[in-house]
Amino acid sequence: MRTYRNPVIGGFHPDPSVCRVGEDYYLVCSSFEYFPGVPIFHSRDLVHWRQIGNVLDRPSQLHLPPGTLASGGIFAPTIRHHDGLFYMITTNVSDDRGHFLVTAERPEGPWSDPVWIDLPRVDPSLAWDEEGHCWLTTSGPRLARIDPASGEVLEGPVDIWAGTGGKYPEAPHLFQTGGWWYLLLSEGGTERGHAVSIARARSPRGPFEPGPVNPILTHRGTSRPIQSTGHADLVCAPDGTWWMILLGARPRGYSPEFQVLGRETFLVPVEWVDGWPVVGPVEERHPAPAAWHPLPPPPVRDDFDAPVPAPCWISVRCRPDDSWSLTERPGRLTLHATGPTLDRPGHTFFGRRQQHHDCRVSARLDPDPGRAGLSVRLDEAHHYDIEVSGGEVSLIARIGPLRQVVARRPVAPGPLTLTVHCRTADPLPPSVTSAAEAGAGPVGVGARGPDTIAFSADGVLLAELDGRYLSTEVATGFTGRVIGMYVTEGSAAFDWFDYEGTDDEPV
Ligand code: 6LW
């Protein structure tokens, strides 16, 4: 039997939302303080996803002021298709105008400028009834009727079913099927207590009756390798099968576990029993959907030969036009400094999400004669940087309030290849029932180095650091690791950038 591998989109891709148009699926995720925002993916089978763009790709759609905190900005989006138009609705929590929606005829864009909806809370979602009414739900959860063309609130907001008592009832989505309106809801918080619950009513206004078994999905308190499962969306395939797309995390180590890739996107089949969805647990492998459309593996190297940056590239808060160029030196990405340090917003950075526990990243650069390098970042206060300047290559570690140059050595003038190799130890085998039983070498603080990040220049190792300081447990926040090129003084030209994930089994 054919199976597929979870996660279906690895790395920092949380709060997924999905819709289907014919045989095509589209999926969006949160993007927080990064620009462009809201990555959008396409698939024909729910398993193989290709990023086709970013919904918010210009300042008129996405303004993240310099004061935008890490993990501020763009929270959970919802994507829907109605009456020939795609809708993406989300919240910019660093802007006080509330939620906004944008529309497009084609999912690749262009997407419209925002229509603002002056309602509080987060996690907006949209659903339409037979009369053409547009229903907006937010965390709480709350229900309002809106005019999606103007953003005007026409009815409500009113509180609706708030789940089974878990904290943060959020990520509500309404679905109409079999004569019922189902309200899918996440509760328990986005960490290890995360859960998905369900209720239904004859009308979106309620009253909602909880399902016979709630939550319908949670991994809390289990030793399953996939944790924090929640923030779910549902989709029905052309063959009538139902699927849930949701976020989860893959913690490693023990006491406490730690996660470096952030919250990722998972897929799990759904059965309907007596009019209620039954789902989970989320396994690393499930039987595949009927449709199967594999994609070629993504290229390891970006040669910077294309006229526009590939959609995977993200910058922090903004990407001023005069801070980068693909044409100044053809075949190279030229970056110009906009700020003197990675420790504060305002710097020039082009990065991509770390999507594998084991990956190798390299870039060839000519610092020319600025200060430039490669950074592995969680936020301004948690990053490791290998950088070239003034005839030296150095490795800088910023962990909370501490900043230290941990290694340096001279280098010859001219282009240089910088390499970052991230390795996270495998999770404990499922047979292990306690940390002491792990048997994976000596137990005790510092006894194992389950996460390492090695930095080299022109193939010569500069130093290897403990990667756990660049984890959600240390840095906190909603994102995951991003690895990228930066310039903090002068300019630098990057000839190519390689990203190779090496811990993946075949899909
Ligand atoms: C999001 C909330 C959540 O708004 O985390 O997991 C928040 N769920 O629904 C940020 O991603």
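Leucine 416 touches Leu365, Val388, Val393, Val411, Ala457 and Asp458, residues up to four places away in sequence not being counted. The model is predicted, and the contacts described here are computed from it. Leucine 416 itself is placed in strand 35, which comprises residues 416-424. The residue is partly exposed, because 19 other C-beta atoms lie within 10 Å, whereas a buried residue would require 20 or more.

Strand 31 (residues 371-379) and strand 32 are antiparallel and are joined by seven bridges. Two residues lie between strand 31 and strand 32 in the hairpin that they form. Strand 32 (residues 382-389) is in turn joined to strand 33 (residues 392-399) by eight bridges, again with antiparallel direction. Among the pairs between these strands, histidine 383 has arginine 398 of strand 33 as its bridge partner, and serine 389 is partnered by glutamate 392 of strand 33. Strand 32 and strand 33 likewise form a hairpin with two residues between them, and glycine 390 in this turn has a positive phi of about 55°. As for burial, strand 32 is mostly covered, with seven of its eight residues buried.

These strands belong to an open sheet of six strands, which are ordered 29-38-31-32-33-34 and pair in antiparallel fashion. Strand 29 (348-353) and strand 34 (402-410) are the edge strands, each of them pairing on one side only. On average, neighbouring strands of this sheet are turned by 20° against each other, direction ignored.

A second open sheet is formed by four strands in the order 2-3-5-6, and its pairing is antiparallel. The twist from one strand to the next averages 25°. Within this sheet, strand 3 (residues 24-28) and strand 5 (residues 37-43) run antiparallel and are joined by four bridges. Leucine 27 stands opposite phenylalanine 41, a residue of strand 5. In general, the strands of a sheet pair through backbone hydrogen bonds, in either parallel or antiparallel arrangement.

The surroundings of the ligand were examined separately. The ligand is surrounded by 14 residues, of which the closest are Phe75, Ala76, Glu170, Thr190 and His231. Two or more residues of the shell are given by each of two elements, strand 15 (170-177) and strand 20 (227-236). By residue class, the shell around the ligand divides into seven nonpolar, four polar and three charged residues.

Notes:
Residues are numbered from 1 along each chain as its sequence is written. This is a predicted model: local features need pLDDT of at least 70, side-chain atom pairs count only at pLDDT 80 or more; totals for chains, interfaces and linings use all residues. A residue is near a molecule or strand if its C-beta atom, placed from the backbone, lies within 6 Å of it. Ala, Val, Leu, Ile, Met, Phe, Trp, Tyr, Cys and Pro count as nonpolar, Asp, Glu, Lys and Arg as charged, and the others, Gly among them, as polar. A residue is buried if 20 or more other C-beta atoms lie within 10 Å of its own, exposed if 12 or fewer, and partly exposed in between; C-beta atoms are placed from the backbone. Two residues are in contact if their C-beta atoms, placed from the backbone, lie within 7 Å. Two strands pair if DSSP finds at least two bridges between them. Axes are lines fitted to C-alpha atoms, for helices over the stretch in contact, and angles run from 0 to 180 degrees between N-to-C directions.
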